[in-house]
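Subject: Structure handover

Hi,

Here is the structure we talked about. Please look it over, then read the notes below.

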Amino acid sequence: MLNILIAVIMTTEKNKTIKAMSKLLYTILTIGMLCTLQGRADHHIKKSTVKDFEEFSKILEGRWLVDIVFITDWPGLDRKKGDKIIGYTEFERILDGTALEWTHYAAEGKFRAVFTWDSINSTIRSFLFGANGMLWQKTWWKEKEGVYGWETQASYQRDGRQLTGSGKMIFEKDLKSMKWSSKNMKMGTQKLDELRDVFKKVTP
């Protein structure tokens with residue numbers, strides 16, 4: 001019996017170690033990709049400061065519930081356009097505050113992204129991977145107090161279609177609620193419905 005208990009404990013600890021190493025590897029790979037992108041000057045993107053990024057990270061850090069309305073039939077997710085669900089998302093500052101990690105759960109999907117400040121282009125940049133095969137790279141900037149703009153530089157679905165568009169992240173005055181909005185998103189050549197996901201913070 002003792003041998004069985006020891007085996008169970010060792011297996012559990014091994015699984016925890018594997019998960020921790022996988023998360024660390026993901027973070028290292030993502031930061032590496034972001035650093036590669038930072039090495040390319042792009043004079044057409046909107047600008048941000050380090051202070052903007054620090055404020056952006058501080059406001060987002062924590063756990064949120066998300067009212068999601070599907071604006072298309074997303075590849076890899078068993079949901080249809082118009083379906084409504086509650087998602088769960090968490091933002092965590094990592095690497096001594098030089099990066100912000102985002103983990104998001106929606107329906108059967110899990111997504112993870114890393115945000116950082118691009119010192120070459122003076123902007124906030126993010127890169128996301130999804131369990132459904134989606135990936136995207138975006139730039140972000142502060143427009144005014146409580147409002148951040150974003151633009152998709154590259155985004156691809158598992159089926160090869162490209163997602164394009166830009167939008168805004170709009171916070172309420174208490175910073176406990178925010179809306180992601182966009183009216184110009186497209187999947188390939190298909191124009192999508194208006195993005196109107198609402199995030200509500202559940203941590204102080």
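L65, I86 and V202 make up a nonpolar surface patch, with about 270 Å² of accessible area together. Patches take residues with over 30% relative accessible area and no salt bridge; nonpolar side chains (Val, Leu, Ile, Met, Phe, Trp, Tyr) are joined within 5 Å, like charges within 9 Å. A salt bridge is a side-chain nitrogen of Lys or Arg within 4 Å of a carboxyl oxygen of Asp or Glu. Areas come from the Shrake-Rupley method with a 1.4 Å probe; for residues, only the protein chains shown count as cover.

L65 sits in strand 1 (residues 62-69). L65 is partly exposed, at 38% relative accessible area. The classes are buried (under 20%), exposed (over 50%) and partly exposed (in between), with a 1.4 Å probe and protein chains only.

A word on the source. This is a predicted model: local features need pLDDT of at least 70, side-chain atom pairs count only at pLDDT 80 or more, and totals for chains, interfaces and linings use all residues. Residues are numbered from 1 along each chain as its sequence is written, and side-chain values use heavy atoms, without hydrogens and water.

Now the whole chain. It has two helices and 13 strands. These are DSSP runs numbered from the N terminus: helices are H or I, at least four residues; strands are E, at least two. Of its 204 residues, 44% count as buried. The chain exposes about 11,500 Å², and carbon and sulfur atoms supply 57% of that.

Next, strand 4 (residues 109-118). Eight of its 10 residues are buried, so strand 4 is largely enclosed by the rest of the structure. Strand 4 pairs with strand 3 (residues 99-106) over eight bridges, antiparallel. Pairing requires at least two DSSP bridges between two strands. G109 in strand 4 is the bridge partner of A106. Strands 3 and 4 form a hairpin with two residues between them, and A107 in the turn has a positive phi of about 55°.

Strand 4 also joins strand 5 (residues 123-130), antiparallel, through eight bridges. There, R112 has F129 of strand 5 as its bridge partner. Four residues lie between the strands of this hairpin, and S122 takes a positive phi near 50°.

Last, an open sheet of three strands, in the order 8-11-12 with antiparallel pairing. Strand 8 (163-164) and strand 12 (190-191) are the edges, each pairing on one side only. Strand 11 (residues 186-187) and strand 12 share two bridges. K191 in strand 12 is the bridge partner of K186.

Best wishes
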